[in-house]
Every structure is written in structure tokens, then in C-alpha cells.
Amino acid sequence: MNDDIAILHQIAAGSQQALAEFYRRYESRLYRFICSKMPDQFEAADLVNEVFLEVWQKAAEFQQRSKVSTWLFSIAYFKTVDRLRKTRPEALSEEALDNLEDDSPASLTCLIQAEQADQVRHCVSTLKPDHRAVMELTFFEEMSYRDIATVVNCPENTVKTRMFHAKQAMKKCLQRLAGGGLSHE
Amino acid sequence: MNESLSREQVEMLLPYYVNGTLDAAEKQQVESVLKQHPSLWDELTFLRKLQTEVQAMPAAGNSPGELGLRRLQQQLPASSQPKQISPRWRWAAVAAAFLLVVQTSVMMLTSVPGGYQQAGEQQQTPLLIITFEPQATEAEIRQLLLQNQLTIVEGPSVLGLYKLSAATEPETLLQSLQQSDLVESVQLNR
């Protein structure tokens with residue numbers, strides 16, 4: 001963490017080498033996160049570039065109120081939402097709270113088996129962008145819900161709710177793929 | 001945080017119990033409620049497996065990587081002077097406009113068989129992702145594209161990337177494009 005701050009100081013002082021190091025450290029993670037909201041990989045690559053340009057320009061403004069990674073992912077989130085607002089406003093429609101059924105807890109352990117990895121991937125791809133982004137930050141970036149709230153600029157409870165809905169949607173999708181035995185009929 | 005949490009509140013916290021980011025008090029409360037509600041263990045197991053799968057998932061496509069870094073570094077001096085547009089970028093904008101015209105012309109002049117082409121079919125043909133050397137002129141780029149029967153499908157992006165479709169096998173074009181002095185980088189998109 002402190003290492004990140006030191007690199008950011010160097011970037012603020014104009015070190016392109018430090019920016020390259022910072023880029024190599026975060027680029028693929030950032031791209032992955034942006035892709036969780038932005039379906040077009042071409043645009044996602046553009047956004048990665050924009051994020052690092054902003055880091056270059058605003059490194060001196062980082063105030064250490066949050067972790068560097070939280071600050072960085074916030075920039076990525078805002079840029080992605082901004083781009084989506086301009087190009088795909090329908091993707092940003094407020095989350096409709098589905099009537100999510102509670103699942104039979106006994107069946108849950110059966111839902112994810114090693115051989116179902118492809119099904120998990122498919123189901124992740126069907127999540128709403130907001131839900132998927134929170135799940136990525138929770139499980140891939142292993143961020144706390146407080147940090148995620150900072151990144152996506154929403155209340156902590158909203159983060160928990162989105163994650164809850166992401167989990168429920170995953171269960172429903174996996175149950176559907178698993179066949180009649182696990183579905184609620 | 002001494003108030004006891006309900007089952008529902010704990011269920012909301014479980015993903016963060018799984019990823020190890022709860023503070024000590026929250027963690028203790030979650031563990032206490034888990035003891036009272038064995039059904040939550042199934043949720044926990046599900047979330048742990050889900051985390052394993054999410055972490056094992058590859059990213060969608062290739063990230064910009066070193067190519068993206070090179071383009072970023074080329075933009076840095078310009079980005080430090082936000083009010084000024086360097087002549088190079090002005091020229092790049094003019095070149096991009098020209099390329100758009102060329103693209104439109106090529107698409108109009110190329111004999112297209114009648115009827116419709118399915119979008120699904122087009123996607124099966126791999127595209128080339130290319131960046132040109134900054135000093136490459138529009139005329140040179142145009143000639144290169146025409147010589148190789150290449151069409152701009154998308155771009156330029158902020159990174160200066162163009163997606164090109166090829167009339168012939170793109171795999172065979174790859175090598176010759178890599179050797180061109182006008183081309184900074186080229187790769188097949190899947």
C-alpha cells in the first residue's frame with residue numbers, strides 16, 4: 001500500500017517510469033473491472049488509457065483518504081459510467097429489484113461443482129452490470145464493502161444489497177442450468 | 001457495534017466474511033449468528049465456491065498491456081498541456097477524418113454481393129488490430145490499406161487503434177504488415 005503511495009508521489013513529480021510501473025501493476029485488473037460494466041472490449045481499452053492519463057494529471061491531488069486502489073477504481077468507475085451514459089444509457093437504468101425467490105439452502109452446495117465452471121462463467125456474464133461490478137470488486141479485488149461504496153459512490157447498504165442480488169441471480173441462473181431438480185416450480 | 005445482527009443482516013455480510021474484509025467486531029457477530037443458523041453455512045459454502053470461480057475466471061479478451069502503455073506514454077507530454085493541441089494531434093485528427101472518408105469510399109466502391117450478410121458471419125472472421133507509426137501519412141496509410149485489401153471497421157480509438165477486416169486471410173497478412181515501416185503494432189483479434 002505504502003509502495004503505491006510512493007509511486008503516486010513519483011508520478012506527481014513527473015516520473016514517467018513510475019507511471020509505467022503503476023500501469024503494469026494495475027492495468028489488467030482495471031481492464032477486467034471496466035469490462036464488468038462495459039461490454040465493448042475496444043472501449044474498455046480506451047477507458048483504461050483515460051484512467052491512467054487522469055492518474056498522470058491528478059496524482060498530486062490524491063489525499064490518502066482512501067487506499068490508492070480504491071481511488072484508482074473510483075476513477076475507472078466514473079469514467080465507465082460517464083461513457084455508458086453517453087453511448088448506452090439503457091445499461092444504466094436503475095436496478096429493477098426482481099422478485100427474487102429464496103432458494104432452498106440445502107441445494108446450494110450442489111450448485112457449483114468443479115465441472116460447472118463454464119456455467120458459472122456464463123451466469124456471471126448475465127448479471128446486471130452494477131451487480132457484476134460489485135461482485136468483481138468483492139471476490140476478485142477482495143475489497144471491503146466500505147471501499148466498494150467509495151469506488152461506486154453509493155451507500156454501503158446499497159453495496160451489500162447489490163452483492164446480495166448478484167448472489168441470488170447467480171443461484172437462479174445456476175439452478176436453471178442445472179435442470180429441473182433444483183428449480184422452484 | 002454491540003447490537004446483535006439479524007440473520008438477514010448477516011447474510012448481507014457473508015460475502016465480506018468470505019473475502020476477509022470485515023472488521024473484528026463484525027466478524028465475531030457473523031460467527032455468532034452462524035452458530036445459531038446452520039442454514040447459513042450453505043450460503044457460506046456457496047459464496048466460497050463462487051469466489052473461487054470468479055477468481056479463476058479469465059478477463060474478457062486481452063487487456064491493452066504493453067501496447068497500451070506505449071500509446072499512453074506518447075500522450076503524456078500532450079496531456080500535461082491541456083489547453084494546447086499539438087500539431088501532431090491536429091494532423092492525427094485530419095488524418096482520421098481522411099481515413100473515414102477513405103473507408104466510406106472503399107466500402108461504396110467495393111463490389112458487394114447482393115443481399116444481406118449475417119452479422120454473425122462477419123464476427124467469425126478475425127479482425128486485425130493495428131496502430132500506425134506517428135509519422136505515417138494519410139496517403140501512405142491509404143495505400144497500405146488498398147494494397148492489402150483492408151477495410152477500417154472501427155477506430156481510431158483513443159489509443160490510436162484501428163480494427164481492420166481483410167478480404168483475404170488475415171493470418172497471411174499479419175506477417176507482411178508487421179514488417180511494414182508504417183505499422184507500429186498489429187495483432188489478430190482472436
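The following legends describe close-up views of a predicted model.

**View 1. The interface between chain A and chain B.** In this predicted model, 53 residues of chain A are in contact with 51 residues of chain B. The two chains bury about 4800 Å² between them, and 63% of that area lies on carbon and sulfur atoms.

**View 2. Polar contacts and salt bridges between the chains.** Between chain A and chain B, 19 residue pairs are in polar contact, both residues being at pLDDT 80 or more. Six salt bridges are found across the interface of chain A and chain B. One of them joins B:E11 to A:K167, with 2.8 Å separating the closest N and O atoms.

**View 3. The side of chain A that touches chain B.** Several helices of chain A each supply at least two residues to this side, including helix 2 (16-37), helix 3 (41-58) and helix 9 (156-178). Helix 3 of chain A gives the most, with 11 residues. By residue class, the side of chain A that touches chain B comprises 31 nonpolar, 10 polar and 12 charged residues.

**View 4. The disulfide of A:C123 and A:C173.** The structure holds one disulfide over all chains. The sulfur atoms of A:C123 and A:C173 are 2.1 Å apart, and the link is left-handed, with -80° about the S-S bond.

**View 5. The cysteines A:C35 and A:C154.** A:C35 is buried, its relative accessible area being 8%. A:C154 has a relative accessible area of 15% and is therefore buried, the cut-off being under 20%.

Methods. Residues are numbered from 1 along each chain as its sequence is written. Chains are lettered from A and ligands numbered from 1 in the order in which they are written. This is a predicted model: local features need pLDDT of at least 70, side-chain atom pairs count only at pLDDT 80 or more; totals for chains, interfaces and linings use all residues. Side-chain values use heavy atoms; hydrogens and water are left out. Contact means heavy atoms within 4.5 Å. Buried area is the accessible area (1.4 Å probe) that two parts lose on being put together, summed over both. A salt bridge is a side-chain nitrogen of Lys or Arg within 4 Å of a carboxyl oxygen of Asp or Glu. A polar contact is a pair of N or O atoms within 3.5 Å; within protein, one must be able to donate a hydrogen and the other to accept it, and residues adjacent in sequence count only if both atoms are side-chain atoms. Helices (H or I, at least four residues) and strands (E, at least two) are DSSP runs, numbered from the N terminus. Ala, Val, Leu, Ile, Met, Phe, Trp, Tyr, Cys and Pro count as nonpolar, Asp, Glu, Lys and Arg as charged, and the others, Gly among them, as polar. A disulfide is a pair of cysteine sulfur atoms within 2.5 Å. Buried means under 20% relative accessible area, exposed over 50%, partly exposed in between (1.4 Å probe, protein chains only).
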